[in-house]
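User: I have a model open and would like to go through it with you. Could we begin with the backbone and then move on to the interior?

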Amino acid sequence: MFKIGLATLALTSMIGSAQAFDILGFKFFEDQSEIDEDSVIADPQAYSAELTTTATGDLESAIRDASTLLAEQDRPANGAAGLLARARGDYKRILGALYDEGYYGPVISIKVGGREAASLRPDARLPDPVAVTLDVDPGPLFRFGRIGIVNRAPEDVSTDDQVEAPESIGFAVGDVARSSLIVRTETLAIQAWEQLGYAEAKVADRQVVADHATKTVDVAIIVEPGRRAVFGPVGVRGANRMDPDFVARQTGLIAGEEYDPDEIERAEKRLARLDVFRAMRIEAAESGIGSNGVLPINVIVEEQAQRRFGAGASYSSVDGIGVEAFHLWRNLFGRAERLRLDAKVAGINWPIDSAEFDYAFGATFTKPGFLNPDNDLVAAISAERTVLPAYTETSAIAQLGLTQYLTDDVTLDGGAYYERSLFEDDYGTRNFSIAGLTAGAVWDARDNEQDATEGFYLAGTAEPFYEFYNNYLAFRATAEARTYWSPLADDSLVLAARAKIGAVVGADIDNLPPDRLFFAGGGGSVRGYAYRSIGVDNGGTVSGGRYLLEGSLEARYKATDEIGVVGFVDGGYVAADTFPGFDQLRIGAGIGLRYYTSLGPLRADLAFPLNKQAGDPDYALYVGIGQAF
């Protein structure tokens, strides 16, 4: 049995880790706990484990979650030594869990075959199976008494340099004295100084005393700020094919500027965006801050393979099967240049008719760090043939543009393009020759791109273009917003909403290229209808429109760690010159299944058109990767 019954208990050394077990200089179970169960080779030792405790609710759950004996009792231990290793580990784990809940006077007894595990030798003879009992009395709840941070950083700083106040996380007189709060407070105290340029700030001492008479924990954290620093030269280690000078430049760290951990974080994201490194870290040089206040920085990298292949597939019961593949070359010339080739074949239905297939081929060259570390030059060429109910398109396009990463969430892009296209539709066979400019902005504040549970996404595009055959100037624009909200603490339920609008002006519909007009329908639009099948009804035929309005609502419930279900409704309509009434709104609704993987959720949606018209399907099944939006 292990009992903490001292009137005053110094906890200075054990707070740093839930696994540590060093109190008043005495190390408990030091020799025995060195046993690693996985290193033991012995006959399996079966056992049954039972917990008895006065704790209830969340506290009882914390004790159960901390116990390996309880969690793994269906898996026999590696002999008696392996079982005792689990038991001795449980003393520490349960004690650490209780400290983290604010209980500093527990009595923990773990008996194996009726004898205290701490007193048994690793070669003890045990019955098979053996009964294991865990008896835990958490004792009284402790709260913070006298607390303080010596040499605390100034709080009157700019917004960019502010960190979370320890009081806001529960480090305050009278709050429950959770051990993890003490560790977190130390981290915040150091971060506050680092934000002011003190790169080597550290906790010089920690004094933690639990008083059992008053059931309080007194804490004194002594911080040593060190000296203020500025960034020094950036050195690069581990670069093979990459130009080290380019890597240093891409960090964006400028020698002579005040040290800022936020700049270090941004530098890491810039280097990760290059898609060249398998592993990468940025750290202060071992020499530390020089006498002149300069702190050299080291970038340690490990490059990954230069080439990468990938493939994917999608399926819709309305639009058929689609397959695609790409080949990526990284770091072509030593400065993270990328060349990507893409190919896609879609519209594969039964009976197979290759004349109905969609084809797309393209090549994209990206030159990172073109104007500055947050700027990319992008050049692309592509050709495609697309067969849709409203038209058939054969086209080729060349584009040149720039992408600017303003912040972690905000991206701007702009460029120019030239496109030649041929369309076959109800207006006949028509050729178009178009030159245009593009501009776009994205504000992506989602917590996860593939499976968001909170945040929002805003995107807008603007495209003026000139058509040479018909001699007109036109303008096309779109705007889209998505939002996500999780009303439950465990994020098991997510409510998601999407809205999109679009407009094109400057020419008559019959003179505009069909791909510049708006359509709706399909997996990323209004589910339950064929891809781009919702448009302007011209007396039995469908063409694109000048204006678009779409919206979606989804309720996503994650039933287990791997399985989720979704209910959704989509709506949208396309207008020629003015928006029709809401009676013309096309609505689809349905249910979906999600299987969660490390790559993102696998999606299967079954949708039904609620106000179907002639030619619309009775239902549509969509299969893909990632949420619908």
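User: Is D491 buried, partly exposed or exposed, and what is its relative accessible area?

Analyst: In this predicted model, D491 has a relative accessible area of 35%. That value lies between the 20% and 50% limits, so D491 counts as partly exposed.

User: Where does D491 lie, and what is its phi?

Analyst: D491 is in the loop between β26 (472-485) and β27 (493-505). Its phi is positive, about 60°, although D491 is not a glycine.

User: What about the phi of N331?

Analyst: N331 is not a glycine either, and has a positive phi of about 55°. The residue sits in the loop between β18 and β19. N331 is buried because its relative accessibility, 3%, is under 20%.

User: Which peptide bond at P129 is cis, and which one at P351?

Analyst: The bond joining D128 and P129 is cis, with omega at about 5°. P129 belongs to the loop between β9 (115-116) and β10 (130-137). The bond joining W350 and P351 is cis as well, with omega at about 0°, and P351 falls in the loop between β19 (338-348) and β20.

User: Back to β18 for a moment. What does H327 touch?

Analyst: H327, which is part of strand β18 (residues 320-329), touches R307, R308, F309, L339, R340 and L341, leaving out residues up to four places away in sequence. H327 has a relative accessible area of 15% and is therefore buried.

User: And G102, buried or exposed?

Analyst: G102 is buried, with a relative accessible area of 0%. It is found in the loop between α3 and β8 (107-112). Beyond four places in sequence, G102 contacts P140, L141, F142, V176, A177 and R178.

User: How far apart are G102 and S433?

Analyst: Their C-alpha atoms are 72 Å apart in space, and 331 residues separate them in sequence.

User: New topic: which residues have the most contacts inside the largest nonpolar core?

Analyst: They are L83, I110, V112, V132 and L134, in a core of 56 residues. Helix α3 (residues 79-101) contributes the most, with ten residues. Another core, of 25 residues, lies apart from that one and includes I509, F519, Y529 and L548.

User: How many cavities of 30 Å³ or more does a search of the whole structure find, and what lines the largest cavity?

Analyst: The search finds one cavity of that size. The largest cavity holds about 40 Å³ of space and is lined by R498, G523, G524, S525, R527, S552, D570, A628 and F629. By class, its lining has two nonpolar, four polar and three charged residues.

User: And the second largest pocket, which residues lie nearest its centre?

Analyst: R273, D376, T403, Y405 and T411 do, out of 36 lining residues. The second largest pocket contains about 830 Å³ of space. Its lining has 14 nonpolar, eleven polar and eleven charged residues. Elements giving two or more residues to that lining include α6 (261-273) and β21 (375-387).

User: Last point: where does pLDDT stay under 50?

Analyst: It stays under 50 over residues 2-34. Where pLDDT is low, the predicted coordinates should not be read in detail. The protein chain averages a pLDDT of 90, and 92% of the residues score at least 70.

Conventions. Residues are numbered from 1 along each chain as its sequence is written. This is a predicted model: local features need pLDDT of at least 70, side-chain atom pairs count only at pLDDT 80 or more; totals for chains, interfaces and linings use all residues. Side-chain values use heavy atoms; hydrogens and water are left out. A nonpolar core is a set of buried Ala, Val, Leu, Ile, Met, Phe, Trp, Tyr and Cys residues joined through side-chain atoms within 4.5 Å. Buried means under 20% relative accessible area, exposed over 50%, partly exposed in between (1.4 Å probe, protein chains only). Helices (H or I, at least four residues) and strands (E, at least two) are DSSP runs, numbered from the N terminus. pLDDT is the predictor's confidence in each residue, from 0 to 100. Contact means heavy atoms within 4.5 Å. On a 1 Å grid over the protein atoms alone, a cavity is a set of points where a 1.4 Å probe fits but cannot get out, and a pocket is an open set with protein on both sides within 12 Å along at least five of seven lines; lining residues have an atom within 4 Å of a point. Grid points are joined across faces, edges and corners, and a volume is the space filled by probe spheres set on the points. Ala, Val, Leu, Ile, Met, Phe, Trp, Tyr, Cys and Pro count as nonpolar, Asp, Glu, Lys and Arg as charged, and the others, Gly among them, as polar.
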